[in-house]
Amino acid sequence: MDAPIHPGLPFVGNTLEIARDPLAMFGRLFQRYDRIVKINIGGRNQYLVFRPEDAKHVLQENHRNYGRSPAFLILKRFLGEGLLTSDGDFWRQQRRLAQPAFHRQKIALLGETMVQESAAWIDELAQHDLTTPVNTSQAFMDVTMRIVCKTLFSTDVTGSDALDGLSNALDTLNRLANDSLLSPIKWPQHWPTPRNIRFRQARERVDKLIYSLIADRQRTGERHDDLLDMLMYAEDEENGRMSEQQLRDECVTLFTAGHETTAVSMAWTTYLLARHPDVLARLRAEVDATLGPYAPGTLPSIAAFRAMPYTLQVVQEGLRLYPPAWAMSRMALGEDQIGPFRIPKGDTVLVSPYLLHRDPAHWPDPDRFDPDRFLPEQEKERPAYAYLPFGGGPRLCIGNQFALLEMQILLALLVQRFDFQPANTRLVRPKPLITLRPNRPIELHLTARP
Ligand code: HEM
C-alpha cells in the first residue's frame, strides 16, 4: 500500500511549508497522519515515520537497505569521506579503526582533559563582570571548541587565529548546507556562485590547518594522549593505517560533529534549568554532596562525575526536549516495506528525534521538563527508539559517551560555582538548522555561589 501523501504545491511540493517552520510542520503532520506520511522536499520524495518501531526498522533492523541520503552530499563536500558521510565497506573499515578511540577507558582519559578545560573556562567566566548576562550559546560554543581541540589535537585554541577561523568556517557550512538542502534549485558545485565561493574558502582554511597539524605530528613523531594520536596509529590488518586524507576527513568530522551539538545542548539545558529552580536545586544538592564546595586548584576525578545520576538525567532530559540532531535521513537502496507501506528504491526516510521525543504516547505531558523520566524504572517502560538523541543501530553516534561525560562535567562544575537565572522572560524557540539551535541567544545571569 502507498503511504498517504501530504498535499503540496505544483513543482515545489512541500518545500515552502517545511522551509517556513520544519518543526511546526512535523507537528502538524504527526497530528494529521497515523504512522507515516509522504512529503516532497526540494523535488525528492521523503517518508516521515512517527513510530519508534519504524525508526528501529530503518536504523537498525533493516539498516543494510538504507544508505546516506542525498542530504549528506553537501556535508561530504566539507567532511569528505569521514565517518558521518561515508557508507558501505569503507565506512565499516573506518568505524572499526576509530571505535577503540571511543572505548570507555579512553573516554575517561579524555575526560581528564575535559575537566581541566572546563575548569579553566569557568575560572574565566568567574572573572567576567557578572552583572551583565552571559550569552550561553556563544560561551558553550567556546568551551566545547576548546575541549574538542584539546582532546583531538592537544592544541590550545586560545589566541589561535586559525582555530577561531575554523569555528567561523563551520558556521558558514551550517548555514550553506541548510540553505542548499531546502533550496529547490541546485546550482552545480563548481559554479562560482557566492555560496560556492564562500564554501570553498571555508574548506581551504580548514584544510590548511588540519593538514599542518597532521604533518607536524608525522615530522616529530611525538605521541600524545589524544584522538589524533589514536587515529594515526590505529591499524587494520588488511588496510594498514589511515592515509593523510582519511585522517583529515576524520579529524574534520569529529571536530564538526563533536562541538556544536554539545554546545547547543548545553545552552538548552541551562535554559531549562534557569526556568525550573526546583530541578536546579536538586541538581545542586547532588553536585554539592558529591564534589563538595569549590576549592581552587583541585579538580574532581572522572569517577566523581560518573557517580552523579541526577546530573546525567538532567542532561538526558535536555537532549530529549531539544535534540541537536532533530532529524536523520536515509535513502532506500532497495524497495522496502514499513508496516503495510511501500518505500520505493531511491526515496528517503526521515526519522525525527524531535517528534519521537514529544510523542505523548511515550512521554506523558511531553513539553514538561522532568529529568525523573530517566529514572531506571521509568526508562524500562518505554520502547526502544522512543529516545534516540544519538541515533541508533550501527551508525549510532560514535561520540555519545564522550558527549554525555562532557556535558555532565560542564554542568556539574557550573552548578558548583554559580547560581543562574534567566536574563529575561522572552521565550526562546528552537531553530532547526543542521543542528537545533536557539532562535535567539540564550542569556543567563550568573551569580557566584558563596
Ligand atoms: C550532544 C552531542 C551529540 C549529539 C546529539 C550527537 C548526535 C549524533 C547523531 C544523531 C548521529 C547519527 C546520525 C545518523 O545516523 O544519521 C551522530 C553521528 C556521529 N557523531 Fe555525534 N552527536 C553528539 C556528539 C558527538 C561527539 C562529541 C562526537 C565526537 C567527538 C560525535 C561524532 C559523531 C560521528 C563521527 C558520527 C558518525 C558515526 C557513524 O556514522 O559511524 N558526536 N551523532
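Is Tyr 385 buried or exposed? With a relative accessibility of 10%, Tyr 385 counts as buried, where buried means under 20% relative accessible area, exposed over 50%, and partly exposed in between (1.4 Å probe, protein chains only). The structure is a predicted model, in which local features need pLDDT of at least 70 and side-chain atom pairs count only at pLDDT 80 or more, while totals for chains, interfaces and linings use all residues. Residues are numbered from 1 along each chain as its sequence is written, and side-chain values use heavy atoms, with hydrogens and water left out.

**Overall form**

The protein has 17 helices and 12 strands, these being DSSP runs numbered from the N terminus (helices H or I, at least four residues; strands E, at least two). Its radius of gyration is 22 Å, close to the 22 Å that the globule rule gives for 450 residues, so the protein is as compact as a globular protein of that length; the radius is taken over C-alpha atoms, and the rule is 2.2 Å times the number of residues to the power 0.38. Along the principal axes, the C-alpha atoms fill a box of roughly 65 × 55 × 45 Å. Of the 450 residues, 54% count as buried, and among contacts (heavy atoms within 4.5 Å) between residues at least 6 apart in sequence, 74% join residues at least 24 apart.

**Nonpolar cores**

In soluble globular proteins, nonpolar side chains tend to be buried together. Here the largest nonpolar core has 111 residues, and those with the most contacts inside it are Trp 121, Leu 273, Leu 283, Phe 305 and Phe 420; such a core is a set of buried Ala, Val, Leu, Ile, Met, Phe, Trp, Tyr and Cys residues joined through side-chain atoms within 4.5 Å. Helix H11 (residues 244-274) contributes the largest share of this core, 14 residues. A second, separate core of 18 residues includes Tyr 47, Val 49, Val 58 and Phe 341. Leaving aside neighbours within four places in sequence, Trp 121 is in contact with Ala 139, Phe 140, Val 143, Arg 146, Leu 410 and Leu 414.

**The iron site**

Cys 397, through its SG atom at 2.3 Å, is the only protein donor of the iron atom of the ligand; donors are N, O and S atoms within 2.8 Å of the metal (3.2 Å for Na, K and Ca), and since water is not among the atoms, sites may look incomplete. Cys 397 is placed in the loop between helix H16 (376-380) and helix H17 (400-417), and, apart from neighbours within four places in sequence, is in contact with Arg 95 and Phe 390. An unreviewed UniProt entry covers Cys 397 with the annotation "binding site", although such annotations may be inferred rather than shown by experiment.

**Backbone and accessibility**

Most residues other than glycine have a negative phi. Arg 35, which is not a glycine, has a positive phi of about 60 degrees, and phi of Tyr 385 is likewise positive, near 75 degrees. Arg 35 is in the loop between helix H2 (22-32) and strand E1 (36-41), whereas Tyr 385 is in the loop between H16 and H17. The table sets out relative accessibility for selected residues.

| Residue | Relative accessibility | Class |
|---|---|---|
| Arg 35 | 17% | buried |
| Tyr 385 | 10% | buried |
| Cys 397 | 30% | partly exposed |
| Arg 205 | 46% | partly exposed |
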